[in-house]
Amino acid sequence: MTIDYAWWKDASIYQIWPASYKDSNGDGIGDIPGIISELDYIKNLGIDIIWLSPMYKSPMEDMGYDISDYEDINPDFGTLQDMQRLIDGCHERGMKIICDLVINHTSAEHAWFKESKSSLDNSKRDWYIWKKPKYDADGNRHPPNNWQSYFSGSAWEFDEATDEYYLRLFAKGQPDLNWENEECRKAIYDSALRFWLDRGVDGFRIDVAGFYSKDQSFADAPITYVEQLHQPSKELTSNGPRIHEFHQEMNREVWSKYDIMTVGEMCHWTNEEALKYVGASRKEMNMMFIFDVVELGTENSDRFRYHGWNLLDFKNSVQDQSNFAEDTDAWSTVFIENHDQPRSVSRFGDTHKYREKSGKLLAMLQTTLSGTLFIYQGQEIGMTNLPRSWSIEEYKDVYTTNYYQEFKSKYGNDPDYEEKEAKLMDVINLVARDHARSPVQWNASANAGFTSGEPWTRVNDNYPEVNVKLQQHNPNSLLKFYQRLLKTRKEYKDLFIYGTFRVLDYDNMKTFTYIKEITDATSPKAYVVLNFSNELVPFKPLVRSDFELIVSNVVSTEFDESILTPWEGRVYIVE
């Protein structure tokens, strides 16, 4: 087997959400100097690349995904000089750094949009998507179509001054750029891409990377939810007719001039469609995030319509993620947390009796799967979702708060509203984006050592028991376990990073057992056994060969070869 190695394939990547990582000046907001102060911690964890979520100048309606200036830093986070120090600090330690690339939309405060909005004949009017209203038989004004914003309500915002609507698939202050306009695309390439690549950034995570090309008919979306006026528009607003042309142009004009990595945030597509974005011969992006695992049990168009999952569903999702790039020229990713997802221990583990042990089991799963590995801040210490006892007032995310307010408007007068609200809060407590955005828990001091001031969002109540300092001094902690696993992943990289994946016990609803191997028949295999239950399970080997245990989340004095204890995991090498 000939393996096509690349630095971005072998890498372990650590995502940082700037506002919640570490505050250096006591204003309650994480910042770039705070990140710089922990670069050695990140390096010692075993990280090769830092992915920095948006740090650009922004009014922060959507936590920085509403950019008002691509070429400047949000003052809450620091300065351009601080950002250069961070880039250089990563490189000095042998790490690389990638940034979020948000180019489907800007902030309404961006100079481009201010010009576009100023008049119908402004030279930048066509840099955004403007449409005239529709009027019904009674003369009432309506948006151009029934498209729903991903953050609830209409995807169109009316501008009184010019008597037109602008498209904003997300928040009100996030107008969509018009990629049909070539002049606009060139400005994006200069301001959002080259500006940072010339300063040493090593690549980008590309936000909503399938959304730039819209169906130019701007027709109504099909009715998905009959009780709603506005409808999900995926078929018309993503994977559009020119999307691959735009990505290939971006690669030709920018990517190919630098040695960088690119990873796209994509919607749910068939493998055939998805591979068009990341096949090496396509010359678009290096890889993409596949959301089958993290969105398990939720509806693609509405995460708060939650249906639950079982271990068979989980296995199928991991299988799809793992086999995505097999026998192709594409590459895949491995992740179970990010800034838009809840905490993995709360979602897929056990936060009661087995928080740390199930966290270790999930770490074993992640570090033995093929593809580029992404770890989210706090995942390495087993940070959990926010407490169920917290009210909706503690949630800050525009997606969650908009959804709740629309729900309240719709059902608030129902006699059974309290019951409906409690069920919604159960789901919010499980899958809301806010869970990933609580401050990192550094120690057991006030505000978990995140800030000396008042934090911008509340620190999780469990910080005295779950924090970095506590785990740094415990050789059996989850943090130390992650350090060990990341080394083991590199030591056996042909198996874990590049090997094929084969499930051995698909129908078993308690254990998840699989083989990792390369096609060379003389090479060893990895045999991974994971007990996803609170029960004792007999261990019956499913391979007929000698095998050596290299990783376990059970201390040696409690290890019993014949029994898998609750949430026990094992990684064997099979000769």
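Both tryptophan 51 and phenylalanine 374 are buried, the term denoting under 20% relative accessible area, with over 50% counted as exposed and values in between as partly exposed (1.4 Å probe, protein chains only). The model is predicted, local features requiring pLDDT of at least 70 and side-chain atom pairs pLDDT 80 or more, whereas totals for chains, interfaces and linings use all residues. Residues are numbered from 1 along each chain as its sequence is written, and side-chain values use heavy atoms, with hydrogens and water left out.

The structure holds 52 aromatic pairs, defined for rings of Phe, Tyr and Trp (its six-membered ring) whose centres lie within 6.5 Å, with planes under 30 degrees apart classed as stacked, over 60 as edge-to-face and the rest as tilted. Tryptophan 130 is buried at a relative accessible area of 9%, and tyrosine 166 is buried at 7%. Ring pairs also link Trp309, Phe314, Phe348, Phe501, Phe512, Tyr514, Phe532 and Trp567 into a cluster.

An open sheet is formed by 5 strands in the order β18-β19-β20-β24-β22, with antiparallel pairing, where two strands pair if DSSP finds at least two bridges between them. Its edge strands, β18 (500-503) and β22 (547-552), each pair on one side only. Strand β18 is joined to β19 (residues 511-517) by 4 bridges, and arginine 502 stands opposite isoleucine 515 in β19.

Arginine 185, in helix α7 (residues 182-197), is buried at 4% relative accessibility. Apart from neighbours within four places in sequence, arginine 185 is in contact (heavy atoms within 4.5 Å) with Trp179, Glu180, Arg242, Phe246 and Glu249.

Overall, the protein contains 18 helices and 24 strands. Buried residues make up 61% of its 575 residues, and the C-alpha trace spans about 75 × 60 × 50 Å along the principal axes.

Note on methods:
Helix = DSSP H or I, 4+ residues; strand = E, 2+ residues; numbered from the N terminus.
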